[in-house]
Amino acid sequence: MRRDSTGHRTVPGSLPAELNRFVGRRTEAAGLKKLIGSSRLVTVVGAGGVGKTRLATHVAGTLKERFSDGVWLAELSALRDPELIEHALVEALGLTDHTSRPPREVLARHLAERELLFVLDGFEFLVDACAPLLLGLLRGAPGLRVIAVGRRPLEIEGELTLPLAPMRGQDAVRLFTDRVSAGRPGFRFPRGDAAKVAEVCRRLDGIPLALELAAGRMRALSVDQLLTRLDDRFRLLTGGGRGVLPRHRTLRTAIGWSHELCTPGQRLLWARLSVFPGQFDLEAAEYICGGAGLASDDILDVLHELLAQSVLVREDTAAGVRYRMLDTIREYGAQWLTATGDTERLGRRHRDWFVGLATWCELDWFSARQTGIAARVDSELANLRGALEFSLDHPGDAHLAQYLAGTLWFYWAGCGRLAEGRHWLDHVLEAEGGREGARLKSLWVLGYVAVLQGDPVAAVAALQECREAAQQTGDTVAAAYALHRTGCLALVTDDMPRAEELLREAIGQYRESGELNSNVLMGQVELAMAVCFRGRLAEAAAMCQDVVAVCEDHGERWARAYALYVLAFEAWSGGRPVDARGLLTESLTTCHAFHDQLGTVLALELMALLTLEEGEAAEAALLQGAAAQLWTSVGLPLFGSAYYNAPHLRCAEGARGALGAGVYESLLERGARLDRNAAVARALRGPAPREDPPSPAPHGAGGRRAEAVKREVRPDQRA
């Protein structure tokens, strides 16, 4: 430690002063401090422009007092000759040596007895020479610690790595707004621009370099103008002031820096991987990107190198190991793919792979792998969207878009994606596909989704068109599905006799054609619901018990959850509240796990009534409020059905009576503020354990309950 002329302590070093405010990255900075405290070599790795150097130098600057011999920065990025590395380090330390000693010896002797922190930035081009040099210096200088900064690890003994991701959420917004304000002193974004600013940050992937360059453009552009120009982000972000490193001059240069580090094979795979708009797995990469100069068997090795270069990011998900590119890096690769003239071929291979994947997932949905299928489709959603878009952009392939949108029925209906399913189904049916089978499938699925959304007009139009066309073409399976979903529409619009008639007919047609899957079982559950609403509780229970048995044989959980819901309704109607809660708990748990909001909200509605009758009126009101909020993202509350609504009204009346109107309304509002996870957790918590009363005699309390339920859920005498 040194002192200046006034007696104040000074710390030697070559770390430049920060020229602007360090924003965000509190967690990452704390993590880097902790790592460098426990290891003598930490490498900050990440994609170009993600802010590695800034994080490393900022943290190093906060550690000056810990190193008596200073904190030093060595910039290696301009070097290409490995033999110059040692000279560059000598220069960075401010050493002067006119002897004939090799610079490595000079370094070793200087560092041997010192305690200092070295920041090595930009070693990627020289990693093969830099790694052994650094290892030797660390072994010979116990007081030396190093923060290395690059797009890949050094992969030497004792190294710890800190992967640096783009900035997220408010950190990115704060960085952008801070840099805009720095360039326009006194400027503040109006409150109304908050969403637009957040969108700018999202569109730029939270990459600090991109955010800073975009902020520089705000001297001449409004935030609206900036948003409209972000589609060509590489052309736009060409700024950067004097003194900025050449590789930071533009975003294209920042990413091109990574590109230069790649071998021809790595560059080719980078370009081809740009066809994936979202995550992907190894199998997809091997099929889609293999061939024509890059053997499928080599993909794994090349992919591993791209990971090391930080071109790709590995993500461990519920669907297994996945990889992805940031959008900005992907677009750079896409430009190279266009230059090779291979964009169309890769796009077609991508589309074909994901059409095949969707087909397999539809078949496997009716199995014990259902949970895994839901996770897989979740992870592939961006790719499936891309496949749909590709097919719609090619008029001759519109039938594949129709087929794909229809094949994903299980995801739209079973995994909480009704709105997106409706979007795609509407779009694909606007196109002329030329293949009647694909169109019929998308029609009955559109009818199904519209029914669940409470849109009977659209449902009738789609299902009627499907039935008529199926009869003309002799497609008995499509005709059965259209009949089934027409029966489902009758169910939710309170026409129970017609619902029972149509659903029975559809189930008969399924059996004749040998069709058996989750959808078919849902038809039997819906028939049981109609029968239950007509007062034949035992018959409804028997139907659902059959469904549960088939589901358990196949490992199916989704349709089983709906069967359990009907059984819970029957148990409550029959005066067996403990049985009802047990069945409903299992149903709710499963629907929630699948993100099936319809099944979840139906279960919550009935759970609220059970909770009321267990003496917890306040909790029942909270659950009703939460359910009401969920309906806003599902469709028409309780389908607008008097039958489905009867238990809801019973609960509302009872809770309001027990609590008073003011308290009840207040609790509804509180419940509406619960998110889905919190609402489900409260519902599943349940009351204190208790036993059911003895089975009632026909005219006992349970018998009176059943009769009362029959009256309440039959709003007219049509049934």
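How many residues does α32 have, and how far does α32 reach from its first C-alpha to its last? Helix α32 has 18 residues and reaches 25 Å between those atoms, close to the 26 Å expected at 1.5 Å a residue; the expected span is 1.5 Å times one less than the number of residues.

This is a predicted model, in which local features need pLDDT of at least 70 and side-chain atom pairs count only at pLDDT 80 or more, while totals for chains, interfaces and linings use all residues. Residues are numbered from 1 along each chain as its sequence is written, and side-chain values use heavy atoms, with hydrogens and water left out.

**Figure 1. Helix α32 and its ends.** Helix α32 covers residues 642-659; helices are DSSP runs (H or I, at least four residues), numbered from the N terminus. Its buried residues (under 20% relative accessible area, 1.4 Å probe, protein chains only) are Tyr643, Tyr644, Ala646, Pro647, Cys651, Ala652 and Ala655. At the start of α32, a side-chain oxygen of Ser641 comes to within 3.2 Å of the backbone nitrogen of Tyr643. Just after the helix, Gly660 adopts a positive phi of about 90°.

**Figure 2. The largest cavity.** The whole structure contains 2 cavities of 30 Å³ or more. A cavity is a set of points, on a 1 Å grid over the protein atoms alone, where a 1.4 Å probe fits but cannot get out; lining residues have an atom within 4 Å of a point. The largest cavity holds about 200 Å³ of space, the volume being that filled by probe spheres set on the points. It is lined by 18 residues, of which Met522, Glu526, Tyr562, Leu602 and Tyr644 are the closest to its centre. Two or more lining residues come from each of α22 (436-452), α24 (476-492), α26 (518-533), α28 (558-573) and α30 (597-613). The lining comprises 17 nonpolar residues, no polar residues and 1 charged residue. In this classification Ala, Val, Leu, Ile, Met, Phe, Trp, Tyr, Cys and Pro are nonpolar, Asp, Glu, Lys and Arg are charged, and the others, Gly among them, are polar.

**Figure 3. The second largest cavity.** This cavity has a volume of about 80 Å³. Phe533, Tyr565, Phe569, Leu602, Glu605, Leu606, Leu638, Tyr644, Pro647 and His648 form its lining, to which α28, α30 and α32 each supply at least two residues. By class, 8 of the lining residues are nonpolar, 1 is polar and 1 is charged.

Figure 4. The structure holds 47 salt bridges, each defined by a side-chain nitrogen of Lys or Arg within 4 Å of a carboxyl oxygen of Asp or Glu. Glu344 pairs with Arg348, with closest N and O atoms 2.9 Å apart. Both residues lie in helix α16 (residues 343-364), 4 residues apart, about one turn of the helix. A network of salt bridges links Glu344, Arg348, Arg351, Asp352 and Asp397.

**Figure 5. Two further salt bridges.** Asp378 and Arg417 form a salt bridge with closest N and O atoms 3.9 Å apart. The pair links distant parts of the chain, 39 residues apart: Asp378 lies in helix α17 (residues 370-379) and Arg417 in the loop between α20 (409-414) and α21 (418-430). Asp378 has a relative accessible area of 33%, and Arg417 is partly exposed at 27%. In the other pair, the side chains of Glu665 and Arg656 meet at 3.6 Å, N to O. Glu665 is partly exposed at 37%, as is Arg656 at 35%.

Conventions: 1 Å grid on protein atoms, 1.4 Å probe; cavity = no way out; pocket = protein on both sides within 12 Å on 5 of 7 lines; lining within 4 Å. Buried < 20%, exposed > 50% of the residue type's maximum accessible area, 1.4 Å probe, protein only. Polar contact = N/O pair within 3.5 Å; in protein donor to acceptor, adjacent residues only side chain to side chain.
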